[in-house]
Amino acid sequence: MENYIELKNITKHYNDQRIILDDLSLSMKKGEILSVVGPSGCGKTTLLRCMAGLEGHEGIMRMNGTDLSGRTDSRGIVLMFQDSLLFPHMTVLENVTYGLKMKKIVKRERIQSAREMLAKVDMSDHEKKFPYELSGGQQQRVALARALVTKPDLLLLDEPFSNLDQSLRYELRQYVRDVLVEEEVTALFITHDKEEASFMGDRLAVMGKGRIQQVGHPEVLSIQPCNPFVARFFSEGLVLEEGFIPTQKLTLIPSGSPSKDIQMEGEVVNESLEYGKKIYHIRVPHLAQTITIPSSEEHNFTKGTSITLKYTENNIHYFDEVRKIKKGGDGENEIVAYS
Amino acid sequence: MNLKITALILIFSMFLAACNSEGNGEPQTSKVPDQKWEDIEQEAEGSTVNLFMWGGDNGINRYIDDWVAPKLKENHDITLKRHPMDTNEFIQKLQTEKKAGKDKGTIDIIWINGENFKNAKENQLLLGSFASKLPNYEKYINQDKNFTKSDMGTDIDGMEAPWGNVQFVMWYDSEKVKNPPKNMDELKKFVKEHPGKFTYPNPKDFSGNAFLRHVLYEKTDQDPKLNEKDDPSWLEGEDEAFWKDLKEISPHLWRKGKTYPESLSQLDQLYSKGEVWFTLGFNEARGEGLIKDGVFPPSTESFVLDVGSIGNTHYLSIPFNSPNPEGAMVAINFMESPEAQLAKMDPSMWGEGMVLESDRLPKDIQKELQALNRGDTVLSTKELEEAYLPELNSTYIDWIKEHWLNEVVQK
Amino acid sequence: MIKNIFLKTLLVLSIILTIGPILLVAIQSFSFRWVWPDLLPQRFGLRAWKAVFEDPSLLQALGNSMMITAAVVMLTMVISMPAARALAFEQFKGKTVIETILMLPLLIPLLFIVMGLHLTMIRFNLADTLAGVILVHLLPCVPYAIRILRTGYERVGTKWYEQAIVLGASRQKQFWTITVPMLMPSIRSAIVLTVVITLSQYALTAIIGGGIITTLPIIYYPYFNSADQPIIAAFTLLFAVLPILFWFVIELICRSVTTMIRQP
Ligand SMILES: Nc1ncnc2c1ncn2[C@@H]1O[C@H](COP(=O)(O)OP(=O)(O)OP(=O)(O)O)[C@@H](O)[C@H]1O
Ligand SMILES: [Mg+2]
């Protein structure tokens, strides 16, 4: 299937010339929800602002085959900001009809669509209220309604739940995902929470250092990262220079146990509970890395114990660039070096 | 964004233009019309004449708006428009127009005298010698009188035509003062007995200065040098008595002499409210209207000082760039006509004295003049004439202004 | 309870403080000899008002004053709104220079440069014209308006504009749906200040209008140079009516604009 959204070689710097987006490329299918995760300050918001037309940039942006370069008012892309940004001088209904009004939809129709959308986000009873009369979660739902009611070709969501407490966030994200799926909206969802990203997205993109590092199904990303950055940021496991061993493939044995597998020395520095299971936090001095591994029934370690991690050659998922060389260097002479 | 830039450029360019604009070339000044008077009158017919004058007196404004303008329309089909503007301002306006080479201005007649005339004449802001062209000037004004030749020491050369003669008098509230002090000795005694009830405006003000000129006359025993010499430097050493008396009364004046009224109008207000018991000023008849309007108390009376009463003349003139000099001349001529001058004396309007020679007037006007009651507060013509003192050269005004601050105030 | 009484006293006091002087001026304008310490004038009369209304240029002056005020308010806003927005939100070369230039009319008395202005106006054939007077009145008005509006824009920030843009609002729509309602307090103060400044310009009007453009201050200010208190009072009242009138009109426009925008 043809790509619905196509970003190519997007480069962006602000006035201070520091490069924020560095030759970034990304594509999306129609009706797809793509989550983007990345560390704070890596340029996620900047990317969305570029896509929404709020910032100038270099590179090509295409939607449904048409070029989006040049700031236009009606590119059919709606951005939901971190704060709900409901216009404080308008009621809920007025807020939701705003986008339709800008599209010059007649009054009766726009009120009807707005009411339908408000019903979908369960806010029908509040249409006459002003934003300050709503709770944070309600405000976000109205903001979602306001964004969706215009039937955007692409919806950009910039950490819409980050200002909410956890239980509300869990409730709301289910909600939002359902509405997005139901409305068949193509959406780009940004977060710095891995778990939320995998929850919301059909696919997931890891962003770092101004570009998209890897795109794929969350499960694939967690066991087959394409480079050390993704491995460190997203995947759970041991990051070697040339590849990655997912946590599931690691076996924890007491230090000094004989084994023909590859071994790595470590130390239990802490332990915690997750879903009723004990989790070991293990520091691996050799790799300067701390990983978490669930406990097994075989062994029981206490804090401060030295242990050994073992895995086989087969368990290693080699990073792309190493694989190219292994295949005989038929890649385009890429440098085998990781920063 | 574009709009903003345009706007800023607009403002900026106005500043720039303002900074580097210099007069471009010698303006070609309009000339005094030299046709026969009948032709001038004909030319002026149907035109508009713009008269610029101070506009702060309702009586004067009424005289122009309600009497002169309609009559001028009726007799000459001239529309007279009065524009209230302070003298300094229209002189400044003319000066800038001169600099910019604007040879078609907006002012046809200005009301002017003394220092402003000197200033205007020196800066060539006036049309030229036109007075002798006016039939009424020739016919009714005594050309031997000094006020046709010199305006406070500046040669007139026909560049302004006399409009009104006024004399300096003092007013007092007869309910509060029985025998007003008429010389410095009496005044010294009076202010000590009635502290705070007398003051005079700061000599920056023309009338306040005039009061001091009277004191100067008195304290130099009307030294003939006052009228003969243009330069007050001879007063050095001979002015002790003058300053001594002023210093002596100062602490007994209104507000203990710490401040003086800034202007005649401020003194008038003080008098009006009864804070002080005296006011003063040119135009012997100006009390009439003010009493009628309830500004001055009805018990107001006037008197002249023992030393005499300085007479001051004010004039009408035509600026260099008058767009309608013919109309201006016809209008000025009309304002110097016997009927206009007589109407001006009517206390219900302006009330000030005429510049015409009374025995040259037509018989009927003479009769009316005799019958005219200028009002109870106006002294008799005889008394005023006897007290008449000539105005001093304007250099004395400056001399008083300068020294007064040091001698009287900074004590 | 005590606080309540205190507040009420304050309220009454402030009403007295605002109404009081106006009342005094009103009485003064009808008075005939009102001398301290008399509580009331000796007699009342219509003389002052008659004199004011008999002035043959009064109607023209009123008309001119209103026309100039309306034009100056409009031009000031047209210039100041985009300028203030740019100064608040955008970084560009020469911004500090422009900021300084905009401060100048507030720091240097305009009379200082009035002669240069007059020369300029003569050169552009704008001296002694209504247009010239309107243009020159912009000088004292625009810097104040820009300052007020700029603070308004800065307070509101860019985020609402971005939200509006994202929802498809054009520049013009942004103006009506974001700027107007959100900056309304600033717009209102800018307009009121402009009205007051332009209405009370005497010297600029006198020089640039050359006395030909008669406005209310042109016929009113000379009376300050007289002892005729009732006339001064009558003019003052008349003078005070104009800004109030404008204020009503502005308020009316603001209200209707706001309700129009708020259509869902
Ligand atoms: N207007 C701006 N001018 C200059 N630099 C900016 C501007 N906005 C953002 N930046 C810089 O760009 C970089 C990326 O910012 P951005 O807001 O896109 O990060 P982010 O990935 O959204 O981070 P977070 O997860 O914390 O929201 C940051 O280093 C930031 O300092
Ligand atoms: Mg962000």
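**View 1. Chain B, inside and out.** Of the 411 residues in chain B, 61% are buried. The model shown is predicted. Chain B is built from 17 helices and 11 strands. Its radius of gyration is 23 Å, close to the 22 Å from the globule rule for 411 residues, so chain B is as compact as a globular protein of that length. The C-alpha trace of chain B spans about 65 × 65 × 45 Å along its principal axes. Among contacts in chain B with a separation of 6 or more, 80% join residues 24 or more positions apart.

**View 2. Chain B meets chain C.** Here 52 residues of chain B are in contact with 53 residues of chain C. The size of an interface is often given as the accessible area lost when the parts come together. Between chain B and chain C the buried area is about 4600 Å². Carbon and sulfur atoms give 66% of that area.

**View 3. Salt bridges and polar contacts between chains B and C.** There are 4 salt bridges between chain B and chain C. One of them, with 3.2 Å from N to O, pairs R47(C) with D293(B). The rule also finds 7 residue pairs in polar contact across this interface, both residues at pLDDT 80 or more.

**View 4. The side of chain B that touches chain C.** Seen by element, at least two residues each come from α1 (2-19), β1 (48-53), α3 (58-76), β2 (79-84), α4 (87-100), α11 (264-272) and α12 (286-292) of chain B. α1(B) supplies the largest share, 11 residues. By residue class, this side of chain B holds 21 nonpolar, 15 polar and 16 charged residues.

**View 5. Chain A meets chain C.** In this view, 30 residues of chain A are in contact with 22 residues of chain C. The area buried between chain A and chain C is about 2300 Å². Carbon and sulfur atoms give 61% of it.

**View 6. A salt bridge between chains A and C.** The rule finds 1 salt bridge across the interface of chain A and chain C. Its partners are R49(A) and E162(C), whose closest N and O atoms are 2.5 Å apart. Chain A and chain C also have 4 residue pairs in polar contact, both residues at pLDDT 80 or more.

**View 7. The side of chain A that touches chain C.** Two or more residues each come from α1 (44-52), β6 (77-80), α2 (92-102) and α3 (107-120) of chain A. α2(A) gives the most, with 7 residues. This side of chain A divides into 16 nonpolar, 6 polar and 8 charged residues.

Key
Residues are numbered from 1 along each chain as its sequence is written. Chains are lettered from A and ligands numbered from 1 in the order in which they are written. This is a predicted model: local features need pLDDT of at least 70, side-chain atom pairs count only at pLDDT 80 or more; totals for chains, interfaces and linings use all residues. Side-chain values use heavy atoms; hydrogens and water are left out. Contact means heavy atoms within 4.5 Å. Buried area is the accessible area (1.4 Å probe) that two parts lose on being put together, summed over both. A salt bridge is a side-chain nitrogen of Lys or Arg within 4 Å of a carboxyl oxygen of Asp or Glu. A polar contact is a pair of N or O atoms within 3.5 Å; within protein, one must be able to donate a hydrogen and the other to accept it, and residues adjacent in sequence count only if both atoms are side-chain atoms. Helices (H or I, at least four residues) and strands (E, at least two) are DSSP runs, numbered from the N terminus. Ala, Val, Leu, Ile, Met, Phe, Trp, Tyr, Cys and Pro count as nonpolar, Asp, Glu, Lys and Arg as charged, and the others, Gly among them, as polar. The radius of gyration is taken over C-alpha atoms; the globule rule is 2.2 Å times the number of residues to the power 0.38. Buried means under 20% relative accessible area, exposed over 50%, partly exposed in between (1.4 Å probe, protein chains only).
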